[in-house]
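Subject: Structure handover and notes

Dear colleague,

I am passing on the structure below, together with notes on what was found in it. Please read the notes with the sequence and the model side by side.

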Amino acid sequence: MAKKAILEVLENTIGRYVQNLDAESLNVAIWSGKIQLQSLQLNTNAINTELSQRAHERPNLASPFRVSGGKFENVTLDIQWAKLTSAPVVFRARGLWVEVEPFNFLGEENGVGEADCDTRSNDP
């Protein structure tokens, strides 16, 4: 029951940005206050939607790339149950890997952006 409640809280906070947030990826030692998630894949669609919205809200801060892949190796939450109302819950993410590619969010038409071409030569 506690595992389900914790999973629901995580779904409502980071669930939008990761794909495989489920009971199988959740390692819970409830009473010790240690909650670990392993091998969370980034939800590139959600991240790129957020980048697109931000680009259209503030074009001068538009990101010149989109996320094409990524993952967290490990996410840990430390919860002090005895001090839940007065102590912080610590969120640690380790092993973040993000793959990006050039992209122009301001050049989007019908939800599809224009990828920039790499015109660099491999010649020395």
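Which strand gives the most to the nonpolar patch? Strand β4, residues 90–102, does so with three residues, where strands (E, at least two residues) and helices (H or I, at least four residues) are DSSP runs numbered from the N terminus.

Before going further, please note that this is a predicted model, in which local features need pLDDT of at least 70 and side-chain atom pairs count only at pLDDT 80 or more, while totals for chains, interfaces and linings use all residues. Residues are numbered from 1 along each chain as its sequence is written, and side-chain values use heavy atoms, with hydrogens and water left out.

**Overall layout**

The protein has two helices and six strands, and from the N terminus on these elements follow the order α-β-β-α-β-β-β-β. Of the 124 residues in the protein, 31% are buried, where buried means under 20% relative accessible area, exposed means over 50%, and partly exposed lies in between (1.4 Å probe, protein chains only). The protein exposes about 8800 Å², and carbon and sulfur atoms supply 51% of that area; accessible areas come from the Shrake-Rupley method with a 1.4 Å probe, and for residues only the protein chains shown count as cover. Among the contacts with a separation of 6 or more, 56% are between residues 24 or more positions apart, a contact being heavy atoms within 4.5 Å.

**Strand pairing**

Strand β2 (residues 34–41) and strand β3 (residues 65–78) run antiparallel and are joined by seven bridges, and two strands are taken to pair if DSSP finds at least two bridges between them. In this pairing, I35 stands opposite L77 in β3. Strand β3 is also joined to β4, again in an antiparallel arrangement, by 12 bridges, and here G69 stands opposite E99 in β4.

**The nonpolar patch**

The patch with which these notes began is made by F65, L96, V98 and V100 and covers about 330 Å² of surface. Patches are made of residues with over 30% relative accessible area and no salt bridge, with like charges joined within 9 Å and nonpolar side chains (Val, Leu, Ile, Met, Phe, Trp, Tyr) joined within 5 Å. V98, one of the patch residues, is found in strand β4 and is partly exposed, with a relative accessible area of 40%.

**The nonpolar core**

The largest nonpolar core holds 17 residues, of which L10, L21, L37 and L40 touch the most other members; such a core is a set of buried Ala, Val, Leu, Ile, Met, Phe, Trp, Tyr and Cys residues joined through side-chain atoms within 4.5 Å. At least two residues of this core are supplied by each of α1, β2 and β3, and the largest share, four residues, comes from β3. When residues up to four places away in sequence are not counted, L21 touches L7, L10, E11, I14, G15, L37 and L40.

F72, found in strand β3, counts as buried at 17% relative accessibility. With residues up to four places away in sequence again left out, F72 touches V18, S39, L40, L42, A93, R94, G95 and L96. F72 and W97 are 25 residues apart in sequence, and their C-alpha atoms are 6.5 Å apart in space.

**Salt bridges**

The structure holds five salt bridges, each defined as a side-chain nitrogen of Lys or Arg within 4 Å of a carboxyl oxygen of Asp or Glu. In one of them, the side chains of R16 and E50 meet at 2.3 Å, N to O. This pair links distant parts of the chain, with R16 in the loop between α1 (2–13) and β1 (26–29) and E50 in helix α2 (residues 44–57), 34 residues apart. R16 is partly exposed, with a relative accessible area of 46%, whereas E50 counts as buried at 16% relative accessibility.

R54 and E50 both lie in helix α2, four residues apart, about one turn of the helix.

A further salt bridge brings together the side chains of D78 and R92, at 2.1 Å, N to O. D78 lies in strand β3 and R92 in strand β4, so this pair ties together parts that are 14 residues apart in sequence. D78 counts as buried at 13% relative accessibility, and R92 counts as partly exposed at 34%.

With kind regards
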